[in-house]
Amino acid sequence: MNLELDQDGHLVDYTIWNETVAQELASSLNLELTAWHFEVLHAVRQFYAQFGHSPATRPLIKFLMKTVSTDINNAVLQDQFNTGLVARHLSRLAGIPKPPNCL
């Protein structure tokens with residue numbers, strides 16, 4: 001799959017995102033996405049659609065706690081998504097731009 005990415009590895013056109021694209025992006029983290037991962041990624045996309053920007057970690061976790069069916073915290077997200085950069089990598093896997101506060 002040939003995806004057009006920006007210099008930070010985020011999709012240039014977030015509208016082309018689907019679960020196949022997400023799995024392709026997740027391959028760089030050696031991560032096989034499950035239904036739970038997709039539930040979280042769809043919620044991240046919902047945050048972007050609702051608020052018009054990519055979330056930082058704390059607002060993202062608060063949003064996920066209200067929208068995802070299981071207990072969510074930073075440690076769970078780090079473990080399940082195989083990363084310490086939760087907001088950045090979840091935004092990338094969800095096909096939305098890098099959060100503005102990420103370096």
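## Basis of the model

Because the model is predicted, local features are given only at pLDDT of at least 70 and side-chain atom pairs only at pLDDT 80 or more, while totals for chains, interfaces and linings use all residues. Residues are numbered from 1 along each chain as its sequence is written, and side-chain values use heavy atoms, with hydrogens and water left out.

## Overall fold

The protein chain has five helices and zero strands, in the order α-α-α-α-α from the N terminus. Helices (H or I, at least four residues) and strands (E, at least two) are DSSP runs, numbered from the N terminus.

Along the principal axes, the C-alpha atoms fill a box of roughly 35 × 30 × 25 Å. Of the 103 residues, 46% count as buried (under 20% relative accessible area; exposed is over 50% and partly exposed in between, with a 1.4 Å probe and protein chains only). Among contacts with a separation of 6 or more, 57% are between residues 24 or more positions apart; contact means heavy atoms within 4.5 Å.

## Packing of H2 and H3

Helix H2 (residues 35–51) packs on helix H3 (residues 57–67) at an angle of about 115°, with the axes 10 Å apart. H2 is therefore roughly perpendicular to H3 (65 to 115 degrees; under 35 is roughly parallel, over 145 roughly antiparallel and the rest oblique). Axes are lines fitted to C-alpha atoms, for helices over the stretch in contact, and angles run from 0 to 180 degrees between N-to-C directions.

The crossing of H2 and H3 is right-handed, meaning that the near helix is turned clockwise from the far one by less than a right angle. H2 contributes Glu39, Val40, Ala43, Val44, Gln46, Phe47, Gln50 and Phe51 to the contact, and H3 contributes Pro59, Leu60, Phe63, Leu64 and Thr67. By class, these are nine nonpolar, three polar and one charged residues (nonpolar: Ala, Val, Leu, Ile, Met, Phe, Trp, Tyr, Cys and Pro; charged: Asp, Glu, Lys and Arg; polar: the others, Gly among them).

## Two asparagines with positive phi

Asn30 lies in the loop between helix H1 (19–26) and H2. Its phi is positive, about 55°, although Asn30 is not a glycine. Asn30 is exposed, with a relative accessible area of 71%.

Asn82 is in the loop between helix H4 (74–80) and helix H5 (86–93). Asn82 also has a positive phi, near 60°, in a residue other than glycine. Asn82 is partly exposed, at 45% relative accessibility.
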